[in-house]
Amino acid sequence: MGLVTVTYALLFYFAALVLVVGVGAKVYQYAKTPAPLIIPTTPAPTTQMGVVFRMAREIFLFQSLYKANKWIWLFGFIFHAALVLVLLRHFRYFTEPVWLPIALIQDIGVYAGFAMVFGLGALWARRFLVERIRYISGPSDHLMLALLIGIGLSGLNLRFLAKTDIIAVKSFFLGLMRFDWQPLPGDFTLLLHLGLVLTLMIIFPFSKLLHAPGVFFSPTRNQIDNPRERRHLAKWAAAIGDAGKD
Amino acid sequence: MARGPDIDVPTLREFRDIPAIQEGAMAHLSPFVAKPEHQEPLGFPGELVDNWQEKAIDKMGDLLGKYRALPVFLDSCVKCGACTDKCHYFLGTQDPKNMPVARQDLFRQVYRRYFTWAGKIFPWLVGAKDLTKEVLDDWYKYFHQCSECRRCSVFCPYGIDTAEITMAARDIMDHIGVGQKYSNEIIGKVHTIGNNLGLPTPALINTLEGLEEDIEEETGIAVRLPLDEQGADVLLVTPSADFFAEPHVDGLIGYAKVFHQAGIRWTVSSHASEAANFGIFIGSYEQMHKVSNRIRTAALELGVKRVVFGECGHAWRVAYSFLNSLAGPWDFLDPKYPTPQHICEVTYDLIQQGALNLDPTANDDKVLTFHDSCNVARGSRMGNIPGGQFDIPRAVLKASANHFVDMDPETICEKTFCCGGGGGLLTDDLLELRVKGALPRMEALKEVVETHGVTHMAAICAICKSQFSKVMPFYGLPMDMIVSVHQIVSNAIQLGTKE
Ligand code: SF4
Ligand code: SF4
């Protein structure tokens, strides 16, 4: 078992732990923090079902972003949709036998890789070209895009130019999951690709990537518009009420 | 273009392009700071406390644990820029710190520094900053250049509502002794006198009697405007500007005529002679709670069956969305009606039942348009279906007038622009901001004036009405163009034909 294999194996366990515990802690924080007042951005649905549809439109179609800016919507949508396909495509490294739907999207997943890099590039270009977005972009915003593009390009490189022994890669990951470590090929592009992915996993819970869990907890989107029908009272707010009422 | 005393009124843009940014364009403007006599009655320190930095961070931590919106909004922003051109204050001033995300970042930089790993370890990377005096100054300026109108939240992919951040920042500042004079002085008046304008009961009695005489003189019909009348069915809670400011008072006359014709016994309360609740502006749950409970007390004392709110924007948001939490439960009122109700809902229902005789030709001298008030549009509802807050006032107007046109769809309903004076900014020390912030609405209005000959713009908010009367002349529009919705109803209602 080489040093590279051991290092990457340990790093993957560490990164997975950070990702799960970090995001879990954030989700726990969001879930346990009360929302004392009803603040959906109206018009808002008046039923739970309506809220489910509203959230679905936000999460799958980026409805609000569409209202705001067609370019950001287009590039953001291309990137996210492609990312989903690319992620699904990678399931083949973690499943044996490979599930049929995953097998079927292998080809389109490759195109999605290009689309993802394109979307990210366009979003990054806006950070330079649009004065207002340049103003609000900080070092971490640029680095995040660089990281994602780095992952995309190194991945495409592995697919087309610097091909690696993907059978070995797959047994490495299956081995990780079964706690039966297998050697990881040592080629540079592969290690770079995986290293960038590790970085992304580790910074996820400490970065703006928290928008992924965050969107589910946004009170302006996930609350039902029913304040006249139902009384909402957070614990801490109820305490004020009791003190104030005679 | 018209020019005010010291104000460069922005030119109306022909194509409404997004303006270029001008750093520091509004860095000179901040409202008067509250004096100890405005701070202390609300339980806030009179002036900047010694350990203000520590106190502020403590308060921030406190709020982060009380309002889910804060941690979610502070963590989730991806700096996509979708909101950057959505704020009327940015469009009117070009100051980049008036872009919603940049305004949030003034708060977020401190949050990151003290509450996140990334900000503690790599502050330069994530734009985290210590809470210094300069940062506090920026907070005071730019969190008082936000009218809490929620327009940004409509367009943000995560629904991030800068208004929530502004409220939290103001609450923190109040707790370290840096309050805003205008809002805190007014809240003090509500507690001591009962309304924002500080009208004592005798003045109220006088005004209401005067209005009764005016109506009788004009129509020959005796219409009552009762105060503190035990056993009335409806408690009307209305902004105190309705008692004497123009065009507000014409709206109040309209409500009185509607109640009169429908035969509804109603009353105003001297204890709760104010619909506005400036507690929301300063982000203080405690103040909102205290101000709201005057209404509960009044309703109990007068033994009414319904609570109806007059035309007021943020007051309706607090009433519709928060009153049940703040001052409920309202189980002692008539369950046939929602609590509270908006006067437009009342009038609309009466029109549906055929209980009002409206002659729209009475308004034939006008071509009307309607300004959706921001807090009504994006923070409340009317009627049973989402969007009723847009349809019901329009239906009331159309039943009362023959000529109605809407402004550019990008500037109405949920996308409406704030009048420029909401959120505790309706004060002369911020006049420059108010004039500039009105730009997007003025452009849309000018357009329908030119294309459709619009003569009047109706609104359902006391702040909108005062703000527009003040700033429209800067844009070359007459101040009496702004009217109350119930003023139009008042003109149309045929007294003596139904009662
Ligand atoms: S639209 Fe929302 S996520 Fe995008 S920059 Fe503005 S606040 Fe941040
Ligand atoms: S709430 Fe309104 S005033 Fe405040 S930043 Fe958003 S758009 Fe601007």
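Predicted model: local features only at pLDDT ≥ 70, side-chain atom pairs only at ≥ 80, totals over all residues.
Let me begin with a single side chain: A:Phe77 counts as partly exposed, because its relative accessibility is 27%, where buried means under 20% relative accessible area, exposed means over 50%, and partly exposed lies in between, with a 1.4 Å probe and protein chains only. Residues are numbered from 1 along each chain as its sequence is written, chains are lettered from A and ligands numbered from 1 in the order in which they are written, and side-chain values use heavy atoms, with hydrogens and water left out.

Now to the partner of that ring. Over all chains, a search of the whole structure finds 28 aromatic pairs, a pair being rings of Phe, Tyr and Trp (its six-membered ring) with centres within 6.5 Å, stacked if the planes are under 30 degrees apart, edge-to-face if over 60 and tilted for the rest. A:Phe62 and A:Phe77 have ring centres 5.7 Å apart and planes at 75°, so this pair is edge-to-face. Because A:Phe62 lies in the loop between α2 and α3 of chain A and A:Phe77 in helix α4, the pair ties together parts that are 15 residues apart in sequence; helices (H or I, at least four residues) and strands (E, at least two) are DSSP runs numbered from the N terminus. A:Phe62, for its part, is buried at a relative accessible area of 14%. Elsewhere in the chain, ring pairs link A:Phe12, A:Phe94, A:Phe172 and A:Phe173 into a cluster.

As for chain A as a whole, it has 13 helices and 0 strands, and 48% of its 246 residues count as buried. Its C-alpha atoms fill a box of roughly 75 × 45 × 40 Å along the principal axes. The peptide bond from A:Glu96 to A:Pro97 is cis, with omega near 0°, and A:Pro97 lies in the loop between α4 and α5 of that chain.

Turning to chain B, which residues come nearest to ligand 1? Of the 13 residues around it, they are B:Cys77, B:Cys80, B:Gly81, B:Cys83 and B:Cys156, where a residue is near if one of its heavy atoms lies within 4 Å. B:Lys79, in the loop between α3 and α4 of chain B, has a positive phi of about 60° although it is not a glycine, and B:Lys79 counts as buried at 7% relative accessibility.

Ligand 2 is surrounded by 14 residues, the closest being B:Cys87, B:Cys146, B:Ser147, B:Cys149 and B:Cys152. B:Glu148, in the loop between α8 and α9 of chain B, likewise has a positive phi, of about 55°, without being a glycine, and B:Glu148 is buried with a relative accessible area of 2%.

Finally, helix α22 of chain B, residues 485–492, is largely enclosed by the rest of the structure, because 7 of its 8 residues are buried. Among those buried residues are B:His486, B:Gln487 and B:Ser490, and what covers the buried part includes α13, α16 and α18 of chain B.

Note on methods. Contact = heavy atoms within 4.5 Å.
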